[in-house]
Amino acid sequence: MSVALSIRKEKARKRSVLIKKYKPLYAILSVILVYFIIFRYIPIIMGVILSLQDFKLGNTLLSAKFVGLDNFTRVFTDPDILKIIRNTILLSIYKLIWGFFPPIILAIMIFDIVSVTYKRVCQTIVYIPHFFSWVIVYGIAYAFFSNSGFINSLLSILGMKHIDFLTNSRYFRSLLVGTSIWKNAGWGTILYFAALTGVNPELYEACKIDGAGPIRRITTVTLPAILPVIVFNLIISLGNILNNDFEQVLLFYNGAVYDVGDIIDTWVYRIGIGQMQYSIGAAVGLMKSFVGFILIVGSNKLSRRLTERSLW
């Protein structure tokens, strides 16, 4: 009994020494924890409560009427909800398919550039669009794809018919996906560059000595080196399958393309904020978070089973 007591005392003493030694780090960590509690976890709790109430202006969370699952029932009985969910998933899938690989290809191409100066110039050029707001990106897209824009002016010179890119349902999703890739592809290369900088240069030299060409070096050295980052990005992308760039869609879409451009976020904006049905918006947000959580956990398990790599 005395031995067990002495062991516990020794562990407590060591713990006390460690706490005193790393006291500044614990102080910094406490600030971070407080931040997440106030700005992350408390809003989650408030959102869950709000989704179960009939919240009106002038109410508080304590005074609002409790309605249970009525808000969720109203969401699923809305005649447009299936179309909105379909649009959201399709747009996310298109962005995932067409936008997932360009950052990988860009990172590999720029990483293989021999000239350091030219490499930095290329990195800067592909990074710049990320810092443009969606308002600026829309302005650029309008200058190119509007009825009086550059593309249609060129079509007129060639004697061809104008195309209403911005108001045609056939081209609207392609326009969203294309502008998203142009804006985000360069910035998406940063994680891959970070992974590639940790690769031992001797591996590339060994491949060259063995007679491996550029493609062979990419498949045997480069891709295995960035595979963990690829898996990480893929899992996060799958978890965000119901999230689209709300600002982008809100700026680009109009009444003529509602049938293909109206997504969950814009629907919540119109219903939750425009019509002040805050509880409906909270219910949809809660459902999106739940689906995203399931997708992240499921894709993580699938990745661990298939590739033996995962986030946790």
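Predicted model: local features only at pLDDT ≥ 70, side-chain atom pairs only at ≥ 80, totals over all residues.
Start with the empty space. Rolling a probe the size of a water molecule over the atoms shows where such space is left. The largest pocket holds about 860 Å³. Its lining is made of 25 residues. Nearest the centre of this pocket lie Lys 95, Gly 99, Ser 180, Asn 184 and Ser 237. Four helices each supply at least two residues of the lining: helix 4 (81-111), helix 8 (169-184), helix 9 (189-197) and helix 11 (214-239). Helix 4 has the largest share, with six residues. By type, the lining of the largest pocket divides into twelve nonpolar, eleven polar and two charged residues.

Now turn to the second largest pocket. About 370 Å³ of space lies there. It is lined by 15 residues, and Phe 111, Asp 112, Tyr 204, Lys 208 and Arg 217 are the closest to its centre. Helix 9, helix 10 (201-209) and helix 11 each give two or more residues to this lining. Eight of the lining residues are nonpolar, two are polar and five are charged.

In soluble globular proteins, nonpolar side chains tend to be buried together. Here the largest nonpolar core has 31 residues. Which of them touch the most other members? They are Val 75, Ile 104, Tyr 192, Ile 226, Trp 267 and Val 284. Helix 3 (70-76), helix 4, helix 9, helix 10, helix 11, helix 14 (264-274) and helix 15 (278-307) each give two or more residues. Helix 4 gives the most, with seven residues. Take Val 75 as an example. Leaving out residues up to four places away in sequence, Val 75 touches Ile 81, Trp 267, Ile 280, Val 284 and Met 287. There is also a second, separate core of 15 residues. Among its members are Ala 141, Val 177, Tyr 253 and Val 257.

Helix 9 deserves a look of its own. Thr 189, Tyr 192, Phe 193, Ala 195 and Leu 196 are buried in this helix. Seen down the axis of helix 9, these buried residues fall within an arc of 160°, so they line one face of the helix. An α-helix has 3.6 residues a turn, so residues three or four places apart point the same way. What lies over the buried residues of helix 9? The cover includes helix 4, helix 5 (116-127), helix 10 and helix 11.

Some single residues complete the tour. Begin with Gln 248, which sits in helix 12 (residues 246-252). Is Gln 248 buried or exposed? Its relative accessible area is 0%, so Gln 248 is buried. Setting aside neighbours within four places in sequence, Gln 248 is in contact with Lys 95, Trp 134, Leu 176, Thr 179 and Ser 180. Two of these contacts, Lys 95 and Ser 180, are also among the residues nearest the centre of the largest pocket.

Asp 262 lies in the loop between helix 13 (258-261) and helix 14. Asp 262 has 4% relative accessibility, so it counts as buried; the cut-off is under 20%. Apart from residues up to four places away in sequence, Asp 262 touches Ile 84, Asn 87, Tyr 253, Val 257, Trp 267 and Arg 270. Of these, Trp 267 belongs to the largest nonpolar core, while Tyr 253 and Val 257 belong to the second core.

Two other loop residues are partly exposed. Ile 128 is found between helix 5 and helix 6 (134-145). Its relative accessibility is 40%, so Ile 128 counts as partly exposed. Ile 128 and Gln 248 are 120 residues apart along the chain, and their C-alpha atoms are separated by 17 Å. Met 276 is in the loop between helix 14 and helix 15. At 42% relative accessibility, Met 276 also counts as partly exposed. Look at its backbone too. Most residues other than glycine have a negative phi. Phi of Met 276 is near 55°, a positive value.

Lys 11 is exposed, with a relative accessible area of 52%. Lys 11 and Asn 233 are 222 residues apart in sequence, and their C-alpha atoms are 40 Å apart in space.

Notes. Residues numbered from 1 in each chain as written. Heavy atoms only, no water. 1 Å grid on protein atoms, 1.4 Å probe; cavity = no way out; pocket = protein on both sides within 12 Å on 5 of 7 lines; lining within 4 Å. Points joined across faces, edges and corners; volume = space filled by probe spheres on them. Nonpolar A, V, L, I, M, F, W, Y, C, P; charged D, E, K, R; others polar. Core = buried A, V, L, I, M, F, W, Y, C linked by side-chain atoms within 4.5 Å. Buried < 20%, exposed > 50% of the residue type's maximum accessible area, 1.4 Å probe, protein only. Contact = heavy atoms within 4.5 Å. Arc of directions from axis to C-beta.
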